[in-house]
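The following exercises are to be worked with the model in view. Each task is followed by a stepwise solution.

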Amino acid sequence: MIELQGLEKRYGDSFAVRDLNLVFAEGELTALLGPSGCGKTTTLRMINRLIEPTGGRVLLRGQDTHTLKPETLRRGIGYVIQQIGLFPHLNVAQNVATVPDLLGRPARDTERRVDELLDLVGLSPAEYRFKKPAELSGGQAQRVGVARALAADPPVLLMDEPFGALDPLARDKLQDAFRDIQRRLKKTVIMVTHDIDEALRLADRIALMNAGELAQFGTPDDLIHRPASDFVRQFLGEDAALRQLAGRRAADFAHPGDPAGLPTVDAQLDARSALGIMLREGADALAVTQAGESIGILRWSDLQTIPMQPPISIRDEVT
Amino acid sequence: MTSSSLTAARTGRRRWPWGVLLWPSLLLLCLIPGVLPRLLAPLNLGELTAFDPPLWRLTLTHLGLVALATGVVLGLGVPLAVAVTRPGRVALRQLAETLVGLGQTVPTFAILALAVPALGFGWKPTLLGLIVYGLVPVVSNGIAGLQSVDTSALDAARGMGMTGRQRLLRVELPLALPVLLAGVRTSTVYNVGTATVGAALGAGGLGEPIINGLSQQNTALVLVGAVLSALLALSLDAVLGLFAPRT
Amino acid sequence: MSKPTPTGAGGNRPSAPLLSVTKNAVRGDVPQVLVLAALPLLAGAALPWVLLRPNRLAPGEYLRLPPALLALMLVLALLPLLAARFLPRLTWLAAGLAVVAVFWVVGLQTRCALVGQAEFARASAAAGVWLSGLGALIAVYGAGLLLVGRQKLLAWAWVPAVLALVWAGHLSGWSVLVEARNEGPRWVQELAQHLRLVGTALGLSTLIGVPLAVWAAGRERVAVAVLGLANAIQTLPSLALLGLLIAPLSALSNAFPALRAAGISGIGVAPALTAMTLYALLPILRNGVVALRGVPAGAVDAARGMGMTGRQIFWRVQVPLALPVWLTGIRQAAVLLVGVASVAALIGAGGLGTYIFKGLQSAAADLILLGAVPAALLAIGVDAALRGLEVWLGRRFGRVG
C-alpha cells in the first residue's frame with residue numbers, strides 16, 4: 001500500500017531519517033515506535049509531504065507521491081495529531097466536514113456522512129453536532145479529530161501520537177474505541193508513538209526506529225520474543241511480555257473448559273491482572289466470567305500465546 | 001476588560017444594547033443649533049458667534065475624514081499584516097513591528113505637519129497622517145492576531161490538504177478576526193483625535209473651533225470643539241464596540 | 001525514476017513546533033528587507049533631489065541628479081543586496097554607505113545649486129532625497145538584523161559619519177540647515193523649553209500620580225473607578241482634552257482677576273503645564289494601579305507569613321514586582337508629553353511646536369521640519385532612554401523585562 005524506498009531527511013549535516021525502507025501493508029496498523037528524536041514523526045510527515053524528503057521516495061499504491069500535488073495527496077490521506085488541531089471557530093460538524101468540503105462533495109451527502117462518523121467515534125450527533133471545540137473534553141475533541149480524518153473515507157490514516165495528550169483514563173477508552181473502529185474499517189494506519197504499551201496494544205506491526213534508522217520491523221511478538229538487537233530489547237524493557245498482556249482482556253485468552261473450583265475473573269479484566277490473580281491464588285487456571293456466566297477458563301499456558309483477533313468487542317462509553 | 005463588561009457580554013448578548021445610543025444621541029442633541037452656546041453661556045468663558053461653517057458640517061467633515069482613513073487603512077493594513085506573517089518572512093515582520101512601534105512613538109502632530117510640505121495645506125496631509133497613524137493599531141493587531149493562531153490548527157489544516165490560500169481564508173483570518181476588529185476600533189477612535197489636530201493644517205473638522213479658540217483665547221470656542229469631538233469619539237467607540245471587544 | 005528535489009527554506013514551511021527554526025533560517029529572509037529597501041532607493045535616484053527657489057517662499061524649479069551621481073546612487077541602492085548575497089558580514093557597511101551617500105549628495109547638490117544665486121535663494125531637499133533616505137534606513141535596519149550581540153552597534157556606524165558631514169559644514173547649503181543657522185540660539189532655547197515642559201509635567205505628574213496610585217490600589221472601589229475613568233478618557237482626543245483642561249483655569253482667572261495678575265490664565269506656560277500634568281497623570285495612575293493590583297497575592301501572603309510589616313511588604317515585595325509595569329506607564333506618559341508639548345505652542349507655551357505652527361502659517365516647509373523632526377527624534381529618544389532604564393532596573397531587581 002505504502003512503500004518507503006531509501007527515504008532520507010537531512011538538516012545540514014545531520015540526518016533526521018536515513019535510508020529508510022519499509023512497506024506498510026494494506027489494512028494494517030503499523031506503529032512507528034521509538035525514543036524522542038528518532039525520526040519517527042519526520043518519517044510520518046514525509047509520507048503526506050508536510051516535510052519534503054531530501055532523498056529516496058514514497059510510493060502510494062505504486063505511485064510516487066512526488067508526482068502528485070501536495071494538497072491533492074493530503075486530501076486523500078487522513079491526518080490526526082497529538083495537539084488535535086480542531087478549528088476553534090468552527091463547530092464539530094463543520095470541523096468534520098472540512099475535507100469533503102475541500103473536495104467539493106455535495107453538502108447533503110457530507111451532512112449524512114458527518115452524522116455517521118460522529119456515531120462511529122461514539123459521539124451522539126444530535127448532542128455534539130453544533131458544539132464548539134472549546135466545549136469538548138480532550139477525549140471528545142480527539143474523537144472529533146479522528147472523525148475529521150476519516151470524513152473523506154481515505155484509505156490511509158496518519159496519526160502522530162494521537163492519544164499522547166490525553167489523561168490515562170481517556171486514553172485507554174479512546175484506544176479501545178479506535179481499535180474497534182480500525183477492526184471495522186480496515187484502514188491502512190501509520191501511528192507514531194513513543195508509548196510502548198500503546199504500540200503493543202494497537203499495532204499489527206511495529207517499526208522501531210532509533211537515531212533516524214530502522215532498528216526492527218515486525219509484529220509485536222517478533223519484537224518481544226525475537227529482538228534484533230540489544231537496543232530493541234532494552235527499549236521494550238524486560239517486562240515487555242507483561243506489558244503486552246496488559247493490553248489484552250482476559251476473555252481474549254479464554255478457552256472452553258471446566259470452571260469448577262477455580263478462582264473467577266471478569267472477562268473485562270486485563271490479562272496482566274489475571275496473571276497477578278493466578279500468582280496470588282497459586283492457581284494454574286482461572287474461570288472467566290461475564291455477567292455471572294462462565295465463558296471459559298484461562299490457563300497459565302494460554303497466556304504465552306498471543307491471540308491475533310480478540311473475539312469480543314465492547315462498545316465504550318464516551319469519555 | 002472590566003468585570004461589568006464581562007457580565008454584559010455573558011448576559012446581554014441577545015438584548016439590544018441601548019447604552020450604545022447614549023453618546024450618539026448626546027452628540028445629536030449638541031448639534032442642534034443654539035444648544036451648545038446656551039449650555040456654555042453661564043460659564044462666561046467667551047463669546048460664541050454664529051458658526052460658519054455650521055457645527056453639523058464640521059462634524060460631518062470630521063466623520064468623513066475618519067471614515068475615509070479607516071477604509072484606506074483596512075485596505076492597506078490587512079494585506080500588509082497578512083503579507084508579513086507568511087512563513088519565511090520573519091525579517092519583514094520585524095521591520096513592520098519596528099515601524100509600528102515608531103508610529104506609536106512619534107507625535108501625531110509631527111507626522112501631520114511633515115505631510116504638509118509634500119501635499120500642501122487642507123485635508124490631504126491630514127488624511128495621509130490619519131492613514132499612517134491609523135495603520136499602527138490595525139497592523140499591530142493584525143500581526144498579533146495572525147501570529148496567535150494555534151499552530152496545531154494550521155498543521156492540521158495543512159495535513160488535510162488545504163492550500164496556503166485556503167488556510168488563510170478558512171482558518172487564519174477567521175481566527176484573527178476579533179483581535180483585528182479590536183485594532184480597527186482603536187484605530188478609528190484614535191483617528192477622531194488625530195483629525196482634530198488636522199485642523200491646524202486647515203483640514204476643517206471639529207479641531208477648528210479648538211484651534212481657533214486656543215489661539216484667540218476664547219475658551220468657550222475650545223469647549224465647543226472639545227465637547228463635540230469627545231462625543232464623536234465616544235459614539236464611534238460605543239458603536240464599534242458592538243462588533244469588536246476592547247483589547 | 002523521479003527523485004524528490006531537495007527544497008530550501010522557501011518551499012518547506014516550518015509550521016509545527018516539531019521543527020526548530022535555526023538562526024540561519026530566520027536570517028535567510030533578510031534579503032527581502034533589502035529588496036524592499038532597494039525599491040525606494042532606485043525610485044528616489046530617478047526623482048528630483050533639489051528644489052531651488054529664489055527665496056524661501058517663492059516657487060522654484062526641481063533639479064535632478066547629474067548622470068555620475070545618479071549612477072552612484074543606483075549602485076548604492078543595489079550594494080546592500082549584493083553584499084548580503086556575497087559578503088554578508090559587510091552588509092552593514094554597504095547599507096551605512098547608502099545613508100551617508102544620501103546626506104553627502106544632498107550637501108553636494110544643494111551647494112552646487114546655490115552657486116551663482118542670490119543670497120536669499122534656498123535649495124531644499126525634494127522627493128528623491130526623502131525616498132532615498134527612507135530606503136537607505138530600511139537597508140540599515142535589514143543589515144542590522146544580520147548582526148548579533150555587540151556587533152549590532154555597527155548598524156549605527158553611519159550616525160557619526162553623518163554628524164561629521166554636518167559638523168564639517170558640508171550640508172551648509174541645505175535650506176533646513178540654513179534656517180537652523182538663522183534661528184540658531186533661539187532654536188536651542190525652544191528645544192530647552194520643550195524639554196523643560198516635558199520634564200516638569202512628567203515630574204509633577206509622577207509626584208502626584210505615584211502616591212495617588214498607591215492609595216487607589218488599596219481600595220477596591222476606587223481602583224475600579226480609576227481604571228474605568230482612565231479607559232474612558234483614553235478614547236478622548238488629546239487636543240480636546242487639552243482644551244477641556246484649560247477651560248477651568250481660564251474660568252478661574254476670569255472670575256478672580258488676582259489670579260490673572262499672578263500669571264494664571266488661559267494662555268502661556270502655566271495652563272499648558274497644568275493641562276500636561278493632568279494629561280500625563282492618567283497613564284501613570286492607571287499603570288500604577290494595574291501594577292500594584294497585579295502583584296501576586298501569594299507573594300504578599302508569603303511575605304506576611306515571614307513576619308514582614310506592612311511597610312516592609314510594600315517596599316520589599318510590592319514595589320519591586322510592580323515597578324516594570326509602572327515604569328511602562330511613565331514611559332508612555334513621557335512619550336505622550338513630547339507630542340502634547342508640541343501642540344502647547346498654540347497657547348504660547350513655547351517649545352518645538354512654535355516652529356511647526358510658524359512654518360504652517362507661513363507655508364515654510366523648512367521651519368516645519370525644524371520643529372517636527374526634532375520633536376519626532378525627541379520622542380523616539382525619550383522612549384529608547386526610558387526603555388533602557390526599564391531593562392536596567394529590571395536586571396537590578398533580578399527580573400527579565
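A salt bridge is a side-chain nitrogen of Lys or Arg within 4 Å of a carboxyl oxygen of Asp or Glu. The model is predicted, local features need pLDDT of at least 70, side-chain atom pairs count only at pLDDT 80 or more, and totals for chains, interfaces and linings use all residues. Residues are numbered from 1 along each chain as its sequence is written, chains are lettered from A and ligands numbered from 1 in the order in which they are written, and side-chain values use heavy atoms, with hydrogens and water left out.

**Exercise 1.** Determine how many salt bridges cross the interface of chain B and chain A, and which residues form them.

Step 1. The rule finds 1 salt bridge across this interface.
Step 2. The partners are B:Asp155 and A:Arg45, whose closest N and O atoms lie 3.1 Å apart.
Step 3. On the side of chain B that touches chain A, α8 (151-159) and α9 (164-198) of chain B each supply at least two residues, helices being DSSP runs (H or I, at least four residues) numbered from the N terminus.
Step 4. The most is given by α8(B), with 7 residues.

**Exercise 2.** State the extent of the contact between chain B and chain A.

Step 1. With contact taken as heavy atoms within 4.5 Å, 16 residues of chain B touch 21 residues of chain A.
Step 2. About 1,600 Å² is buried between the two chains, 62% of it from carbon and sulfur atoms; buried area is the accessible area (1.4 Å probe) lost on being put together, summed over both parts.
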